[in-house]
Amino acid sequence: MSNNRFNKNSILLIIGVLLVVFGLWRLSEQVLGVYYAQIWYFINLTISIVWPIIMIGGGILLMVAARKGKLDLAKDRRLFRSSKSRKLGGVCGGMAEYLSVDSAMVRVIAIVLTIMCWYIVIPLYILFWIVIPYDTKDHSTWV
């Protein structure tokens, strides 16, 4: 058993929380009616303020980590779509292997980003699926 940060139970928990949130959101549309537009405006305003702050904070963390030499990106490492950690096209698995992180973490981030701005993430994923070469290493366990 591997010591991953995310296991199947934690992924199912995250999916369950997302289902409850979206269910409550749809229910609130029906129950709140007239007030729903005002509540949605407040949520949209909050997201439009918080999202750039999250991007700025992530950029600052990456710059600090790069400055301190904490990013371990080998120069001979290449980005491939993963053949062993593949769910759809192997893009998230390949990025996880390239960054030496758990692929579930990359997938959860990709799902959250897709929910927030699907019109950017889905075309990028398709583009990466086409452009990033497939890992041709044989990872089979056959003897």
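This is a predicted model: local features need pLDDT of at least 70, side-chain atom pairs count only at pLDDT 80 or more; totals for chains, interfaces and linings use all residues.
Student: Which residues of α3 itself are buried?

Tutor: Helix α3 covers residues 91-99, and Val91, Cys92, Gly93, Gly94 and Ala96 are buried there.

Student: And what do those buried residues pack against?

Tutor: They pack against two helices, α4 and α5, the latter spanning 118-131.

Student: Let us take α4, then. Where is Ser103 placed?

Tutor: Ser103 belongs to helix α4, which runs over residues 103-116.

Student: Is Ser103 buried or exposed?

Tutor: Ser103 has a relative accessible area of 15%. The limit for buried is under 20%, so Ser103 counts as buried.

Student: What is Ser103 in contact with, leaving aside neighbours within four places in sequence?

Tutor: Ser103 is then in contact with Ser85, Gly93 and Ala96. Two of these residues, Gly93 and Ala96, are among the buried residues of α3.

Student: Stepping back, how many helices and strands does the protein have?

Tutor: There are five helices and zero strands. Along the sequence this reads as α-α-α-α-α.

Student: What share of the residues counts as buried?

Tutor: The figure is 17% of the 143 residues. The accessible surface of the protein is about 11700 Å², and carbon and sulfur atoms account for 69% of that area.

Student: A change of topic: how much space lies in the second largest pocket?

Tutor: The second largest pocket holds about 520 Å³. It is lined by 14 residues, of which Trp40, Ile43, Ile47, Ile115 and Met116 are the closest to its centre.

Student: Which helices supply at least two residues each to that lining?

Tutor: Those helices are α1 (8-32), α2 (36-68) and α4. Helix α2 gives the most, with six residues.

Student: What is the lining like by class?

Tutor: Twelve of the lining residues are nonpolar and two are polar, while no charged residues take part.

Student: Turning to aromatic rings, how many pairs does the count give?

Tutor: The count comes to one aromatic pair. The partners are Tyr125 and Trp129, whose ring centres are 5.9 Å apart with 75 degrees between the planes.

Student: Why is that pair called edge-to-face?

Tutor: Planes over 60 degrees apart count as edge-to-face, and the angle between the planes of Tyr125 and Trp129 is 75 degrees.

Student: How are Tyr125 and Trp129 placed along α5?

Tutor: Tyr125 and Trp129 are four residues apart in helix α5, so about one helical turn separates them.

Student: Which accessibility class does Trp129 fall into?

Tutor: Trp129 counts as partly exposed because its relative accessibility is 32%, and that class lies between the 20% and 50% limits.

Student: What does Leu88 contact, neighbours within four places in sequence aside?

Tutor: Leu88 is in contact with both members of the aromatic pair, Tyr125 and Trp129. Leu88 sits in the loop between α2 and α3. In sequence, Leu88 and Trp129 are 41 residues apart, and their C-alpha atoms are 9.4 Å apart in space.

Student: Is Leu88 buried or exposed?

Tutor: Leu88 is exposed, at a relative accessible area of 53%.

Student: And Gly89, is that residue buried or exposed?

Tutor: Gly89 is buried, with a relative accessible area of 0%. Gly89 also lies in the loop between α2 and α3.

Student: What does Gly89 touch, not counting residues up to four places away in sequence?

Tutor: Gly89 touches Arg81, Tyr125 and Trp129. A further relation concerns Phe128, which is 39 residues from Gly89 along the chain, with 9.1 Å between the two C-alpha atoms.

Note on methods. Residues are numbered from 1 along each chain as its sequence is written. Side-chain values use heavy atoms; hydrogens and water are left out. Buried means under 20% relative accessible area, exposed over 50%, partly exposed in between (1.4 Å probe, protein chains only). Contact means heavy atoms within 4.5 Å. On a 1 Å grid over the protein atoms alone, a cavity is a set of points where a 1.4 Å probe fits but cannot get out, and a pocket is an open set with protein on both sides within 12 Å along at least five of seven lines; lining residues have an atom within 4 Å of a point. Grid points are joined across faces, edges and corners, and a volume is the space filled by probe spheres set on the points. Ala, Val, Leu, Ile, Met, Phe, Trp, Tyr, Cys and Pro count as nonpolar, Asp, Glu, Lys and Arg as charged, and the others, Gly among them, as polar. Rings of Phe, Tyr and Trp (its six-membered ring) pair if their centres lie within 6.5 Å; planes under 30 degrees apart count as stacked, over 60 as edge-to-face and the rest as tilted. Accessible areas come from the Shrake-Rupley method with a 1.4 Å probe; for residues, only the protein chains shown count as cover.
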